[in-house]
Amino acid sequence: MTNLTLFISLAILVEVLAAFFIAGRTAILKVSESRVEQLRKEETRGVEKLQKVIAEKAKHVAVLQLVALALTSTGGVLLTFVFLKSNLNVNSALIMAIVVVSLLGFIVLGVAPETLGKQKSDQISILTAPISLVIKPVIWPVAQLLVAIGNALTPGKGFKEGPFATAEDLRDLVDQAEQADVIEDEERQMIHSVFELGDTVAREVMVPRTDMVWIEKGKTLRQAISLSLRSGYSRIPVIGDDSDDIVGVVYLKDISRRIFENSEAERSELVEQLMRPAYFVPDSKPADELLRDMQSARVHLAVVIDEYGGTAGLVTIEDILEEIVGEITDEYDTHLPEVNELGPNVYRVSSRIHLDDLAELIDLDLSSDDEGVDTLSGYLAKQLERVPIPGTSIDIEGWEFVAERAAGRRNKIGTILIRKSEVKETE
């Protein structure tokens, strides 16, 4: 074998090895811990070594990248030497070397191993793992030094283990996955919502104090269970002197159990005897931390406190989950027209109807600017000095307003029946 043939053979061998390490790096990048766990349950051979590699994925990826780069450079030098030793002149030899090395680099070292590493990630990562474990003790100190030098030369603080994925990179990957039809648009939005949850604070997801349903601590259990059934809430904050003085939370299941054990308790016992301690959180607490804390404390409802120590509102686990999955509705939620005329001087209207529109509909002397509220539900709450619940009624200028059905997971009043005070028909 001539020297020229030997150099060609070495160049081909080196380039093939470089392609193998590139494919291995790509495969290890794709394999996740959950996938390794699944392979372990399937008793796949060699998964134990792969598990060790995935535990230090960033280091092994850096090692494989450095080895692949070194082999690629070596192959390029060998091919250049081959062309220089041929019968071509120096300029032609260099041009041919650049063309061939570029094409090989793109096809053999770029497209092919990257594609193969993604398509056969399980098999290639398992094949690469033992080799990576062997060379890591030798190569990693060099790679670590190079990463440190790269970070030192890079503006900003850099990364301890090199320029690996950030949250923004992951968001881009999610967008790309949706564009490639790997995931649905709804799934993409949900994943983005998970990232955004860390930037959301409690006051942005809470039910404001003006929309809270509460009960005084001196009320009887019968009054509490009546309020719970009428409002649709199974957990109700208990107040002392005023709505800023929340002293606990009463649970419908506790009341039901107590009344089942002693039927006389519904009239003889008070809410404060059965209430549980309230769980308080600041209104600036990040929603993701709040969700974890509520799960750890095993509480479903938290009272949100503002910077002055007053009650700002309350938040439930469902409120936080809605930030991820969207509005939660049930089978009773239906889309109703804003105004439904049932008969002469009898209307069923949405609780969200604008106060000015209502005044025009039934000729009332009301204005949202004068009252300081925009909707009918807001106006009723202002008049009642508490949130209206089904069955609540009030008379305004000869018209009777009756709060009807609750709507949505928060059980807010959905519709209100309006009729002239002398009109008795309700349907």
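**Glu261 counts as exposed in this predicted model, with a relative accessibility of 55%.** The close-up shows Glu261 together with Arg258, whose side chain forms a salt bridge with that of Glu261 at an N to O distance of 4.0 Å. Both residues belong to helix α11, which spans residues 252-261. They are three residues apart, about one turn of the helix. Arg258 has a relative accessible area of 25% and is therefore partly exposed, since that class lies between 20% and 50%.

**A salt bridge joins the side chains of Arg35 and Asp122, 2.4 Å from N to O.** Arg35 sits in helix α2 (residues 33-41) and Asp122 in helix α6 (residues 121-153), so the pair ties together parts that are 87 residues apart in sequence. Which of the two partners counts as buried? Asp122 does, because its relative accessibility of 16% falls under the 20% cut-off. Arg35, at a relative accessible area of 25%, is partly exposed.

**Arg419 and Glu400 form a salt bridge through their side chains, with 2.9 Å between N and O.** Arg419 lies in strand β14 and Glu400 in strand β11. The two residues are 19 apart, and the pair links distant parts of the chain. Both Arg419 and Glu400 are buried. The structure contains 15 salt bridges.

**Five strands make up an open sheet, ordered β8-β9-β14-β11-β10.** The pairing in this sheet is antiparallel. Strands β8 (339-343) and β10 are the edge strands, each pairing on one side only. On average, neighbouring strands of the sheet are turned by 20 degrees against each other, direction ignored.

**Strands β9 and β14 run antiparallel and are joined by five bridges.** Ser350 has Thr415 of β14 as its bridge partner. Pairing of strands in a sheet goes through backbone hydrogen bonds, in either a parallel or an antiparallel arrangement.

**Helix α17 covers residues 376-384 and has five buried residues named here: Leu376, Ser377, Tyr379, Leu380 and Ala381.** What covers these buried residues? The cover includes helices α15 (355-362) and α16 (368-371). It also includes strands β9 (346-350), β10 (393-396), β11 (399-403) and β14 (415-420).

**Thr375 caps the N-terminal end of helix α17.** A side-chain oxygen of Thr375 lies 3.2 Å from the backbone nitrogen of Gly378. Just after the helix, Glu385 adopts a positive phi of about 60 degrees.

**The overview shows a protein with 17 helices and 14 strands.** Of its 427 residues, 40% are buried. Contacts between residues at least 6 apart in sequence join residues at least 24 apart in 57% of cases. The protein exposes about 24,600 Å², of which carbon and sulfur atoms supply 55%.

Definitions and conventions:
Residues are numbered from 1 along each chain as its sequence is written. This is a predicted model: local features need pLDDT of at least 70, side-chain atom pairs count only at pLDDT 80 or more; totals for chains, interfaces and linings use all residues. Side-chain values use heavy atoms; hydrogens and water are left out. Buried means under 20% relative accessible area, exposed over 50%, partly exposed in between (1.4 Å probe, protein chains only). Helices (H or I, at least four residues) and strands (E, at least two) are DSSP runs, numbered from the N terminus. Contact means heavy atoms within 4.5 Å. A polar contact is a pair of N or O atoms within 3.5 Å; within protein, one must be able to donate a hydrogen and the other to accept it, and residues adjacent in sequence count only if both atoms are side-chain atoms. Accessible areas come from the Shrake-Rupley method with a 1.4 Å probe; for residues, only the protein chains shown count as cover. Two strands pair if DSSP finds at least two bridges between them. Axes are lines fitted to C-alpha atoms, for helices over the stretch in contact, and angles run from 0 to 180 degrees between N-to-C directions.
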